[in-house]
Amino acid sequence: MYWGVYVSLAIYIAIIAIASFIALRRSKHE
Amino acid sequence: MKKLFMLIIVNVALAVYSVLFGWYPQISLFDATCYRILYLHVPMAWNMYFAFTLTLIFSIAYLLKENEKYDKIAFCSAVLGILYGFGAITSGMLWANEVWGSYWNWDPRQTATLMALLAYIGYIALRESIPDVERSRTISAVFGVSAYVTIPISYLSAVAFRSLHEQLPHQPLSFESYVLLALNVVTSFAVFIALLKEFSR
C-alpha cells in the first residue's frame, strides 16, 4: 500500500491527540 | 471528558478500518491505494471549513454583544481549524505526490487553502501580540471576520478555476466508499464538536 496513506493516518491521529491533550490540560487547570 | 474519549476511540477505529480495508478504484497508472487518503482528507477539510465558519459567527457575535464566551469559542474554533487545516493540506500533498506527480503544484485549491491557513495563523499571532485583553479581543474579532474571505475562495477555487483538485483523475467512487466517507465525516465532526466544547469551557 502507498506509504502516504499511513503517514496521513499518523497525522490524523496526532491532530486528535494534540487537541485532546490541550483539552485535558485545560480541564485539569480548571 | 468520558464522552469525548469514547467518540475519539470510535473515530480513530473507523479511520484505521478505512485505511486498511476501505474501497479504492482499480487504476494501474499509479498506486490506487492512495485513494484511501480521501477517508481522512475530506473529514479534516470539512472540519477546517466548519471551524473557520464558527470563528466568523462568534467573532460577529462578540462584536455585537461583547460576551467573553463568544470570543473564547471563536478563538478555540480557530485553533482547531488550524490543526485540521494542517492535516488536510499535508494529506492532500501526499495524495498529490502520487496522483499529480509532486507534493506541491500551486493548484488553486492548494494555494487558496494555504492562504486561508496563514490568515488564521495570523489571527492567533495578532491576538497574542496585543497585551490589552479587551483590545485584543475586539481587534482579533474584526480580523476573524475579515480572514473569512479566504474560505469561500478556498472552497470555490476548485470549481471556478482550472484546478487539478477533484478533476484529475476523474474517477467515480463506489456506493460503499461514499457510505464509509460519510461515516468518517460524521464521527470526525462529532469529535470536533466535543473537542470545541472541552476547549471553550
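Modeller: Happy to. One term to start with: a residue is buried if 20 or more other C-beta atoms lie within 10 Å of its own, exposed if 12 or fewer, and partly exposed in between, with C-beta atoms placed from the backbone. This is a predicted model, where local features need pLDDT of at least 70, side-chain atom pairs count only at pLDDT 80 or more, and totals for chains, interfaces and linings use all residues. Residues are numbered from 1 along each chain as its sequence is written, and chains are lettered from A and ligands numbered from 1 in the order in which they are written.

Colleague: Thanks! How much of chain A is buried?

Modeller: Of its 30 residues, 40% are buried.

Colleague: And how many helices and strands does chain A have?

Modeller: Chain A has one helix and zero strands. Helices (H or I, at least four residues) and strands (E, at least two) are DSSP runs, numbered from the N terminus. Along the principal axes, the C-alpha atoms of chain A fill a box of roughly 45 × 5 × 5 Å.

Colleague: Switching topic: which residues touch the most other members of the largest nonpolar core?

Modeller: Leu80(B), Tyr120(B) and Leu195(B), out of 65 residues. Such a core is a set of buried Ala, Val, Leu, Ile, Met, Phe, Trp, Tyr and Cys residues joined through C-beta atoms within 7 Å. H3(B) supplies its largest share, 18 residues.

Colleague: What does Leu195(B) touch?

Modeller: Leaving out residues up to four places away in sequence, Leu195(B) touches Ala19(A), Ser20(A) and Ala23(A), plus Leu4(B) and Leu80(B).

Colleague: Last one: at what angle do H3(B) and H7(B) pack?

Modeller: About 135°, with their axes 9 Å apart. Axes are lines fitted to C-alpha atoms, for helices over the stretch in contact, and angles run from 0 to 180 degrees between N-to-C directions. The contact involves Cys76(B), Ser77(B) and Leu80(B) of H3(B) with Phe192(B), Leu195(B), Leu196(B) and Phe199(B) of H7(B).

Conventions:
Contact = placed C-beta atoms within 7 Å.
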